[in-house]
Amino acid sequence: MTEQTIQLELDDSGLAPGLPTPANPRDQVQDVPYRPVEFRDDDLPTALERCAGWLRQAQEWLGEPLDVLAIHLDYDDRQGSPYYDVKLLCNEEDLAGVPIALRNQK
């Protein structure tokens with residue numbers, strides 16, 4: 001069995017430069033572990049729609065289904081904060097573009 005070295009191009013936060021970013025300024029890809037991708041809004045259907053849209057874009061970019069380990073729903077009742085907080089806990093290797101690098105290496 002031989003080990004393969006994979007060269008990845010990553011930004012300062014450890015993500016592949018081509019990974020789609022959530023479009024709304026309230027949404028973000030967070031730090032490890034599990035790389036939560038967060039979608040925040042006062043309207044739950046809107047947050048879920050943005051989440052689904054980003055997931056479709058990320059899977060199209062990746063060329064395969066994105067490995068989502070969990071979906072977490074929370075709320076924030078602090079004044080001035082979006083009420084709903086939807087998080088996709090994603091495989092950090094997928095967000096770094098490892099499957100793309102492996103396909104390009106072949």
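Predicted model: local features only at pLDDT ≥ 70, side-chain atom pairs only at ≥ 80, totals over all residues.
Which residues does His72 touch, not counting residues up to four places away in sequence?

Residues are numbered from 1 along each chain as its sequence is written, and side-chain values use heavy atoms, with hydrogens and water left out.

**View 1. His72 and its contacts.** His72 touches Asp85, Val86 and Lys87, leaving aside residues up to four places away in sequence (contact means heavy atoms within 4.5 Å). His72 sits in strand β3, residues 68-75 (strands are DSSP E runs of at least two residues, helices H or I runs of at least four, both numbered from the N terminus). Its relative accessibility is 37%, so His72 counts as partly exposed (buried is under 20% relative accessible area, exposed over 50%, partly exposed in between, with a 1.4 Å probe and protein chains only). Val86 is 14 residues from His72 along the chain, yet their C-alpha atoms are separated by 5.8 Å.

**View 2. Strand β4 and its partners.** Here β3 and β4 run antiparallel, joined by seven bridges, and Lys87 in β4 is the bridge partner of His72. Strand β2 (residues 36-41) also pairs with β4 in the antiparallel sense, over six bridges (strands pair if DSSP finds at least two bridges between them). On that side, Glu38 stands opposite Lys87. Strand β4 (residues 84-90) is largely enclosed by the rest of the structure, because five of its seven residues are buried.

**View 3. The largest nonpolar core.** This core has 16 residues, and those with the most contacts inside it are Val37, Phe39, Trp54, Leu66, Cys90 and Leu95 (a nonpolar core is a set of buried Ala, Val, Leu, Ile, Met, Phe, Trp, Tyr and Cys residues joined through side-chain atoms within 4.5 Å). Two or more residues come from each of β2, α1 (44-62) and β4, with α1 giving the most, five residues. Have a look at Trp54, whose contacts beyond four places in sequence include Leu19, Pro20, Val37, Phe39 and Leu88.

**View 4. The largest pocket.** Its volume is about 170 Å³. Of its 14 lining residues, Gln7, Leu8, Gly97, Ile100 and Ala101 are the closest to its centre (a pocket is an open set of points on a 1 Å grid over the protein atoms alone, where a 1.4 Å probe fits, with protein on both sides within 12 Å along at least five of seven lines; lining residues have an atom within 4 Å of a point). Helix α3 (residues 98-105) gives the largest share of the lining, four residues.

Key:
Points joined across faces, edges and corners; volume = space filled by probe spheres on them.
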